[in-house]
Amino acid sequence: MSEFTQVVPIVSAEEYRAAVAAAAADKHELYAPTHTFKRGDEIVGAVSLASCVLAMPWFHTEKMGRRDSFTVINSMQNTLRMQKVGHVCIPVGPQSPFNKVMVPLGFTSLGYWNFHACKL
């Protein structure tokens, strides 16, 4: 390895498409990337930094029905739209009944991930 890997902001639609295509060629899905990882001129990775708001709601199993849940999700989305947020990510566990309805609600499934968090 003769060059260091650099984190480079995506500044054009062409760079965005190139990052998504590079991930797809490596059999990975890339959602809302903002920066590429480049070694020389080659894209070797990418990241979505603060381009997608993370929402981690909890819905009481017995005290909230379907209508309540849909109303809350719609309200969260509208609140984010009013703040000019372009994307929202809602992690849904494999046991959740929401798995059946997220795609019909307009969400894109990114598959299952082992979701990690850390305090900064």
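Author: What follows goes from the whole chain down to single residues.

Author: One thing before that: this is a predicted model.

Reader: Fine. How many helices and strands does the protein chain have?

Author: The protein chain has two helices and five strands. Along the sequence they come in the pattern β-α-β-β-β-α-β.

Reader: What is the radius of gyration, and what would a compact globule have?

Author: The protein chain has a radius of gyration of 17 Å, while a compact globule of 120 residues would be near 14 Å. Along the principal axes, the C-alpha atoms fill a box of roughly 60 × 30 × 30 Å.

Reader: And how much of the chain counts as buried?

Author: Of the 120 residues, 18% count as buried. The accessible surface comes to about 9,600 Å², and carbon and sulfur atoms hold 57% of that.

Reader: What share of the contacts is between residues 24 or more positions apart?

Author: They make up 53% of the contacts with a separation of 6 or more.

Reader: Let's get to the rings. How many aromatic pairs does the structure hold?

Author: The structure holds one aromatic pair. Phe59 and Phe98 form it, with ring centres 4.9 Å apart and planes at 35 degrees.

Reader: Why is the pair called tilted?

Author: Planes under 30 degrees apart would count as stacked and planes over 60 as edge-to-face, with the rest called tilted. The planes of Phe59 and Phe98 are at 35 degrees, so this pair is tilted.

Reader: Where are Phe59 and Phe98 in the chain?

Author: Phe59 is in the loop between strand S4 (53-54) and helix H2 (66-82), and Phe98 is in the segment after strand S5 (88-89). They are 39 residues apart, and the pair links distant parts of the chain.

Reader: Is Phe59 buried or exposed?

Author: Phe59 is buried, because its relative accessible area is 16% and the cut-off for buried is under 20%. Phe98 counts as buried too, at 15%.

Reader: What does Ser69 touch?

Author: Leaving out residues up to four places away in sequence, Ser69 touches Phe59, Met64 and Phe98. Ser69 lies in helix H2 and is buried, with a relative accessible area of 7%.

Reader: New topic: strand S2. Is Thr36 buried or exposed?

Author: Thr36, which lies in strand S2, is buried, with a relative accessible area of 4%. Apart from neighbours within four places in sequence, its contacts include Gln6, Val7, Val8 and Ile10. Ala19, Ile43, Gly45 and Ala46 are also among them.

Reader: And Arg39, what about that one?

Author: Arg39 lies in strand S2 as well. It counts as partly exposed, at 28% relative accessibility.

Reader: Which residues form the nonpolar patch on the surface?

Author: Tyr31, Leu110 and Trp113 form the patch, with about 320 Å² of accessible area together. Tyr31 is found in the loop between helix H1 (13-25) and strand S2 (35-39). At 32% relative accessibility, Tyr31 counts as partly exposed.

Reader: Is Ala32 buried or exposed? And Ala50, buried or exposed?

Author: Ala32 counts as buried, at 4% relative accessibility. Ala50 counts as exposed, because its relative accessibility is 81% and exposed means over 50%.

How values were computed:
Residues numbered from 1 in each chain as written. Predicted model: local features only at pLDDT ≥ 70, side-chain atom pairs only at ≥ 80, totals over all residues. Heavy atoms only, no water. Patch = residues over 30% accessible without salt bridge, like charges linked within 9 Å, V, L, I, M, F, W, Y side chains within 5 Å. Areas by Shrake-Rupley, 256 points an atom, 1.4 Å probe, with all protein chains shown as cover. Salt bridge = Lys/Arg side-chain N within 4 Å of Asp/Glu carboxyl O. Helix = DSSP H or I, 4+ residues; strand = E, 2+ residues; numbered from the N terminus. Buried < 20%, exposed > 50% of the residue type's maximum accessible area, 1.4 Å probe, protein only. Contact = heavy atoms within 4.5 Å. Phe/Tyr/Trp six-rings, centres within 6.5 Å; stacked < 30°, edge-to-face > 60°. Rg over C-alpha atoms; globule rule 2.2 N^0.38 Å.
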